[in-house]
Amino acid sequence: MVPEINIWAVLLATASSMAVGSVWYSRRVFGGYWMRTVGHDEESMRGNAVAPIVITALVSFVTAWVLAGAIAITQNFYGGSFLANALLTALILWAGFTAARMVTHDVFDRRPAGLTVLNLAHELVTLEVMALIIGLIGINAL
């Protein structure tokens with residue numbers, strides 16, 4: 001069975017990921033800390049950002065698509081509130097895949113714990129906002 005996926009919800013969730021990242025990593029929010037911690041400065045941040053933005057958009061689309069499919073499967077299995085299933089599915093997928101794998105890599109990379117927490121929190125917020133959008137729009141096409 002292929003889960004029914006609402007492409008409009010996926011596209012809006014993709015856009016939300018870009019918006020959350022833009023705010024999260026802005027200099028006024030956590031961008032200054034992130035730049036210092038990873039070793040960037042104003043000069044290293046200059047340059048062509050097109051490739052990273054395109055890659056981020058594509059990866060965000062894949063994430064939103066997979067999340068929407070997982071939410072549809074969860075809804076078909078458990079029933080009940082679509083929105084609650086969406087938010088819980090995002091939390092479980094974040095904990096089991098994103099957080100678990102990121103912690104493993106960051107420990108071996110010897111990244112500062114603060115950077116790991118910052119990135120994990122960003123991913124959690126991103127996935128939950130995506131799930132909120134998918135959960136509010138639903139499965140059926142608009």
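Leaving aside its neighbours within four places in sequence, which residues is Ile134 in contact with? In this predicted model, local features need pLDDT of at least 70 and side-chain atom pairs count only at pLDDT 80 or more, while totals for chains, interfaces and linings use all residues. Residues are numbered from 1 along each chain as its sequence is written, and side-chain values use heavy atoms, without hydrogens or water.

Ile134 touches Ala9, Ala13, Ala64, Leu67, Ala68, Ile71 and Phe82, where contact means heavy atoms within 4.5 Å. Ile134 is also among the residues with the most contacts inside the largest nonpolar core, alongside Leu67, Ile71, Leu127, Met130 and Ala131. That core has 20 residues; a core here is a set of buried Ala, Val, Leu, Ile, Met, Phe, Trp, Tyr and Cys residues joined through side-chain atoms within 4.5 Å, with buried meaning under 20% relative accessible area (1.4 Å probe, protein chains only). Two or more residues come from each of α1 (7-24), α4, α5 and α6 (113-137), and α5 gives the most, with six.

Now follow α4 to its partner α6. Their axes, lines fitted to C-alpha atoms over the stretch in contact, come within 10 Å and cross at roughly 55°. On the α4 side the contact uses Ser60, Thr63, Ala64, Leu67, Ala68 and Ile71, and on the α6 side Leu127, Met130, Ala131 and Ile134.

Helix α4 (residues 50-78) also packs against helix α5 (residues 82-109), at about 125° with axes 9 Å apart.

Methods. Axes fitted to C-alpha atoms, helices over the stretch in contact; angles between N-to-C directions. Helix = DSSP H or I, 4+ residues; strand = E, 2+ residues; numbered from the N terminus. Buried < 20%, exposed > 50% of the residue type's maximum accessible area, 1.4 Å probe, protein only.
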